[in-house]
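Colleague: I am new to this structure. Could we go through it together, please?
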Amino acid sequence: MTIKTMLKLGATAALAATLLTACASAPPLVPAGKLTVASAYSVNLDRNWSDVSKLFYNRSQKVRILSIDGIWLNRLYVSDGLSSSDPLMVNMMKGDNKNHIAPRGKAGMSLSEQMEFVAASVSELDYQKVETRNPQPVTIGNTRGVRFEFTARTTDGLNMRGLAQAVSDKNLNYYIVYIAPEEHYYAASLSNVRAAMDSVKLP
């Protein structure tokens, strides 16, 4: 890890600590085991996470946001089934309103369109140069989906890396999106993320 990256990660960690300190209580623990968002859609976590959803005043109500080390060091977005009316990600400052509309998907998207939608959603969080790569087909039950990697960069120049999975069923779109700094943090929890993606059960 370079000194430049260490300084950027140090600043990021300090910002995360400041945000957590400002909260009245620590984010609730999400223990290893079955996780549901709203419907019967579920994933199985192989380790404990923290539910940091409420740290995001502006967020999609059908998405839970989890973290292990802090919101700037790793985040896992787990969505319920999203319709064309539901955003996946919402800008923390701009929100989702008539003056700034967060990206929406649609029913019947192709796998490439799913990838484009996730990339647009990640860009909504002020990440720059979001690029997708290495798409791999996945099958959840009898439903075909896609799992793929992506890269991005913060406005401070920190390289980020992510893994996403998208699957559509009965005109609803289900997503799991993981994002973390490319150096150290991405790889540190990648096996846990893959295990969660592999465990998905549709309603």
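Colleague: What residue types line the largest cavity, that is, nonpolar, polar or charged?
Modeller: The lining of the largest cavity comprises eight nonpolar residues, two polar and one charged. Here Ala, Val, Leu, Ile, Met, Phe, Trp, Tyr, Cys and Pro count as nonpolar, Asp, Glu, Lys and Arg as charged, and the others, Gly among them, as polar. This is a predicted model, where local features need pLDDT of at least 70, side-chain atom pairs count only at pLDDT 80 or more, and totals for chains, interfaces and linings use all residues. Residues are numbered from 1 along each chain as its sequence is written, and side-chain values use heavy atoms, with hydrogens and water left out.

Colleague: Which residues are they?
Modeller: The lining includes F56, R59, Y77 and L125.

Colleague: Turning to the rings, how many aromatic pairs are there?
Modeller: The count is three, for Phe, Tyr and Trp rings (six-membered ring for Trp) with centres within 6.5 Å; planes under 30 degrees apart are stacked, over 60 edge-to-face and the rest tilted. F117 and Y175 form a tilted pair, 5.4 Å centre to centre with 50° between the planes.

Colleague: Where in the chain do those two sit?
Modeller: F117 is in helix α2 (residues 111–123) and Y175 in strand β10 (residues 172–181), 58 residues apart. Helices (H or I, at least four residues) and strands (E, at least two) are DSSP runs, numbered from the N terminus.

Colleague: Why is the pair of Y178 and Y186 called stacked?
Modeller: Their ring centres are 5.5 Å apart and their planes at 25°, so the pair is stacked.

Colleague: Is Y186 buried or exposed?
Modeller: Y186 is buried, at 3% relative accessibility; buried means under 20% relative accessible area, exposed over 50%, partly exposed in between (1.4 Å probe, protein chains only).

Definitions and conventions: On a 1 Å grid over the protein atoms alone, a cavity is a set of points where a 1.4 Å probe fits but cannot get out, and a pocket is an open set with protein on both sides within 12 Å along at least five of seven lines; lining residues have an atom within 4 Å of a point.
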